[in-house]
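Please keep the structure open while reading.

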Amino acid sequence: MAPQYDAVVVGAGFGGMGAGIELDRLGLSNYVILERENDLGGTWHVNHYPGLAVDIASVTYSYSFEPNPYWSRLFAPGKELKKYAEHVADKYGLRRRMRFGAVVDGARWDEENQHWVVSLASGETVTGRYLLTATGFLSQPYTPPFPGIESFAGKIIHTTAWEDDFDLTGRRAAIIGTGATAVQLVPEVAKKAAALTVFQRTPIWVVPKVDAPIPAPVQKLFARVPATQKAARLVNTSMLEALMVVGVLHFKQAKAMNKGAGLLAKAHLRAQVRDKRTREQLTPHYDFGCKRPTFSNHYFKTFNQPHVRLETSSIDHVEADGIITADGHKTEIDTLILATGFNLWDVNFPAVEIIGRDGANLGKFWRDNRFQAYEGITVPKFPNFLSLNSPYSYSGLSYFTTIEAQMKHMGRLFGELFRRGETTFEVTEAANARFLDTVTDKLGASVFYGGDCATARSYYFNQHGEAALLRPNSTVSTHRQAVSFPLDDYVYGVPA
Ligand SMILES: Cc1cc2nc3c(=O)[nH]c(=O)nc-3n(C[C@H](O)[C@H](O)[C@H](O)COP(=O)(O)OP(=O)(O)OC[C@H]3O[C@@H](n4cnc5c(N)ncnc54)[C@H](O)[C@@H]3O)c2cc1C
């Protein structure tokens, strides 16, 4: 029985869109992109809290083959990213392939028909020769089970479900969480709220953000002479690369660089916060890089304002009109903002149930063994399946480097498949084991294992304490590997 589609893609964020563009390039044009939301853009559709912006300069945080000369700032606001996603979808004809409100529950490899059967929450099934999941890492919102939260009588709002017309003016607000989202949100809430208490469990390293509007003449130059924007991208990407490769991945060999970044963040804090105790409370006690570094010129300063308070005692419970901390203190509030982030490892690996050959269950395989995926994209026993948000897939700091490396991997893999006149591929156990050994070995030199990350509570680490998210090499070698991996790392065609 022939499948309905050449390929089924799950997720209409930048990852799923990149996969769609590559499928078209490969001539696999009969594909569908299933998306549970009512519009495209993934992260940049779901998140629209005040202050949302990229933390990687926009020349780099975009597809290299689709530069946008008209970013308004060096670090574009979230709204522009959403518009950019819409532009890409229109230009590359992706929108007509997208089905919104399509919540995928799971997918099963149909051995007899050699295709995937994808089930939707609606009860419908969709079949495709190939399955590509692009369900994101930061896409399953998390709310810790604070006792009593259901009794809170005021307004509760999670940063992923921001209500744009909700007016914070005069509110007595609490923000729980001090991750990258809170760093952007806290200064904005402080502008309007009558009182703001920020509940911090883990302080975050924050370095200055070298941000500014991009003047119209520069935008025109980028549009007329694309090489100038390419050059800007190269400079910015190289700086990020140095930070990541030298400061984080080669921590053991280059501790000074890592310590230098930490000292810069400490100097930033000292320059911005007057009160010594608050400064101490905002100082992390884990090494720089254990958690994704954050950039802001406004976050620390906010704590100088008389109506803003930092609370570091842990939350005991929530009552109708306030939060009680472990020291018995009650903070009276009428608005509770949850900047509590996302659940990665429990629900995102994988985000839906994936059953491969011989009944292999991907989630069970990852949990019973170690989290693993060859080149961060394929897994033995899961034929014709590309898991785009996999263990060890995230390379570098800008996620676009990962997306484009995976597009290249698709190009090489499908190119060989077509050359052989086959329709089925599967990565070998040996290649997968070799890749896992290599990354494990390399990670030994990183800050994750060589540094002190004990108190970081970083999403880079899974439930077993393994730093299984980031790929421990330069983005240059990730891209090189994507176009040169040994072709016989895959088996093509149905095994005899
Ligand atoms: C607030 C915020 C700021 C960020 N800033 C940066 C940054 O500056 N730089 C950077 O590199 N990265 C940043 N990131 C990370 C960002 O998620 C990635 O850069 C990138 O957008 C991921 O794209 P994606 O397509 O892989 O995933 P996503 O954008 O998360 O898209 C995944 C899509 O899959 C859909 N989906 C999930 N499960 C299902 C299902 N079961 N059925 C159907 N659809 C499903 C989701 O609804 C979503 O639309 C940020 C993340 C957040 C949350």
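A charge is said to sit over a ring if NZ of Lys or CZ of Arg is within 6 Å of the ring centre and within 35 degrees of the ring normal. By that rule, the charged end of Lys155 sits over the ring of Phe166, 5.4 Å from its centre. The ring of Phe485 has the charged end of Arg412 over it, 5.1 Å from the ring centre.

The model is predicted: local features need pLDDT of at least 70 and side-chain atom pairs count only at pLDDT 80 or more, while totals for chains, interfaces and linings use all residues. Residues are numbered from 1 along each chain as its sequence is written, and side-chain values use heavy atoms, with hydrogens and water left out.

**Ligand shell**

- The ligand is surrounded by 37 residues (a residue is near if one of its heavy atoms lies within 4 Å).
- Gly15, Glu35, Thr43, Asp55 and Tyr61 are the closest of these residues.
- The shell consists of 19 nonpolar, 13 polar and 5 charged residues (nonpolar: Ala, Val, Leu, Ile, Met, Phe, Trp, Tyr, Cys and Pro; charged: Asp, Glu, Lys and Arg; polar: the others, Gly among them).
- At least two shell residues come from each of α1 (14-25), β2 (31-35) and α2 (43-46), where helices (H or I, at least four residues) and strands (E, at least two) are DSSP runs numbered from the N terminus.
- With 3 residues, α1 gives the most to the shell.

- A polar backbone atom of Asp55 is 2.7 Å from an oxygen atom of the ligand (a polar contact is a pair of N or O atoms within 3.5 Å).
- Arg36 places a polar side-chain atom 3.1 Å from an oxygen atom of the ligand.
- For Arg292, a polar side-chain atom lies 3.3 Å from a nitrogen atom of the ligand.
- Of the 980 Å² of accessible area that the ligand has on its own, the protein covers 94% (Shrake-Rupley method, 1.4 Å probe).

**Aromatic contacts**

- There are 39 aromatic pairs in the structure (rings of Phe, Tyr and Trp, the last by its six-membered ring, with centres within 6.5 Å; planes under 30 degrees apart are stacked, over 60 edge-to-face, the rest tilted).
- Tyr374 and Phe435 form an edge-to-face pair, because their ring centres are 6.1 Å apart and their planes are at 70 degrees.
- This pair links distant parts of the chain, 61 residues apart: Tyr374 is in the loop between α10 (362-368) and β18 (385-387), and Phe435 is in helix α12 (residues 429-443).
- Tyr374 is buried at 0% relative accessibility, and Phe435 is buried at 8% (buried means under 20% relative accessible area, with a 1.4 Å probe and protein chains only).
- One aromatic cluster is formed by Phe14, Trp44, Tyr61, Tyr63, Phe65, Trp71, Tyr84, Tyr92 and Phe400.

Key
A polar contact is a pair of N or O atoms within 3.5 Å; within protein, one must be able to donate a hydrogen and the other to accept it, and residues adjacent in sequence count only if both atoms are side-chain atoms. Buried means under 20% relative accessible area, exposed over 50%, partly exposed in between (1.4 Å probe, protein chains only).
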